[in-house]
Amino acid sequence: MSEAIKTDVLIIGAGPCGLFAVFELGLLDMKVHLVDILDKIGGQCAELYPEKPIYDIPGIPLVTGQGLTEALLEQIKPFNPTFHLNEMVESIEKIGDPGFRVTTDAGQVFECKVVVVSAGGGSFQPKRPPVPGIEAYENTSVFYAVRKMEQFRDKEILIVGGGDSALDWTLNLHPLAKRMTLLHRRDDFRAAPHSVEQMRKLVADGKMDLKIGQVTALEGADGKLSGAQVKGSDNAMSTVSCDTMLPFFGLTMKLGPVANWGLHLENNLIPVETASFETNVPGIFAIGDINTYPGKLKLILSGFHEGALMAQKAHRYVYPDKRLVFQYTTSSSSLQKKLGVN
């Protein structure tokens, strides 16, 4: 277990609501770390609909999920938040009044005064392909995420999928792999055109293989993969030699370890009061789609509002002896200085 990272606030979830919370907390001089199970910043916006237009962000008639993420990252630059990606919070332990020790599945420990749960509908979990016996190979030969690229050096890799994650990892791991094969059920991809173009060039140059079809069975023993049986679009069967498989079949939302954090739950959501969106545990807040209260609307703009009020109450925990004076960014020279605009 690594040495504990000490911070004022730990935000669980790096989607739009978590990102804007960094801004509101930063204005009040609170330092923030964020943990997210995904390998990228932006939550659902970045992972599920990066190019899908969003029309209800105040003052912005149209923005994509990726565009909103990039704008929020630019906005919070002055506050230098630290992101811990590809990690899932497993436990939250109360160690003070307030004070929490938070541990992730990667063994990272945080000690903080305030925890903000901004995890959308829970944690994203990878969808398991419908391949018989795949469980026996998981975490030894079959992986649903790439935590350390070096782990895949000199491997015969089979990547399954046709979206951005599949194409991105095909291109990123190709230089390390002994042999790379990309398998998709059809010769049409949902990924960025530039990535598809790069992949096709590697195939044309004989530097990797592209197969059209679906995995029907795995070969190997004791968790060690030796090959995958593939049914082609013409129903012909073949075997792809591989010792590592990375399926990217998308993500599904699950509550995950949230259920074990000692928080009250209502239909898999966290009830909060509406003055500051604090949970039943003092010092733990919930904002965005993960929370529930009378009149709740699951909108990004609602989550922004919740983050602003949360920060006001969080300040009391982080600075119990410091009086909070409400200020506007339009007129406060001290706030403008923090933002680097004067």
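Predicted model: local features only at pLDDT ≥ 70, side-chain atom pairs only at ≥ 80, totals over all residues.

Mentor: Residues are numbered from 1 along each chain as its sequence is written, and side-chain values use heavy atoms, with hydrogens and water left out.

Trainee: How far apart are the centres of domain 1 and domain 2?
Mentor: Domain bounds here come from an automatic or database domain assignment. That gives domain 1 as 5–124 + 252–339 and domain 2 as 128–249. Taken over C-alpha atoms, their centres are separated by 35 Å.

Trainee: How much area do domain 1 and domain 2 bury between them?
Mentor: Six residues of domain 1 are in contact (heavy atoms within 4.5 Å) with five of domain 2. Buried area is the accessible area (1.4 Å probe) that two parts lose on being put together, summed over both. Carbon and sulfur atoms carry 23% of it, and the total is about 420 Å².

Trainee: How many salt bridges are there between domain 1 and domain 2?
Mentor: A salt bridge needs a side-chain nitrogen of Lys or Arg within 4 Å of a carboxyl oxygen of Asp or Glu. The structure holds 16 of them. Between domain 1 and domain 2, though, the count is zero.

Trainee: Which residue forms a salt bridge with Lys338?
Mentor: Lys338 lies in helix H7 (residues 333–339) and its partner in the loop between helix H1 (16–27) and strand E2 (32–36), so the pair ties together parts 309 residues apart in sequence. Helices (H or I, at least four residues) and strands (E, at least two) are DSSP runs, numbered from the N terminus. The closest N and O atoms are 3.2 Å apart, and the partner is Asp29.

Trainee: Which peptide bond is cis, with omega near 0°?
Mentor: Most peptide bonds are trans. Look in the loop between strand E6 (89–96) and strand E7 (99–104), where Pro98 is found. The cis bond runs from Asp97 to Pro98.

Trainee: And which residue has a positive phi of about 60° although it is not a glycine?
Mentor: Most residues other than glycine have a negative phi. Go to the loop between strand E5 (82–85) and E6. The residue with the positive phi is Asn86.
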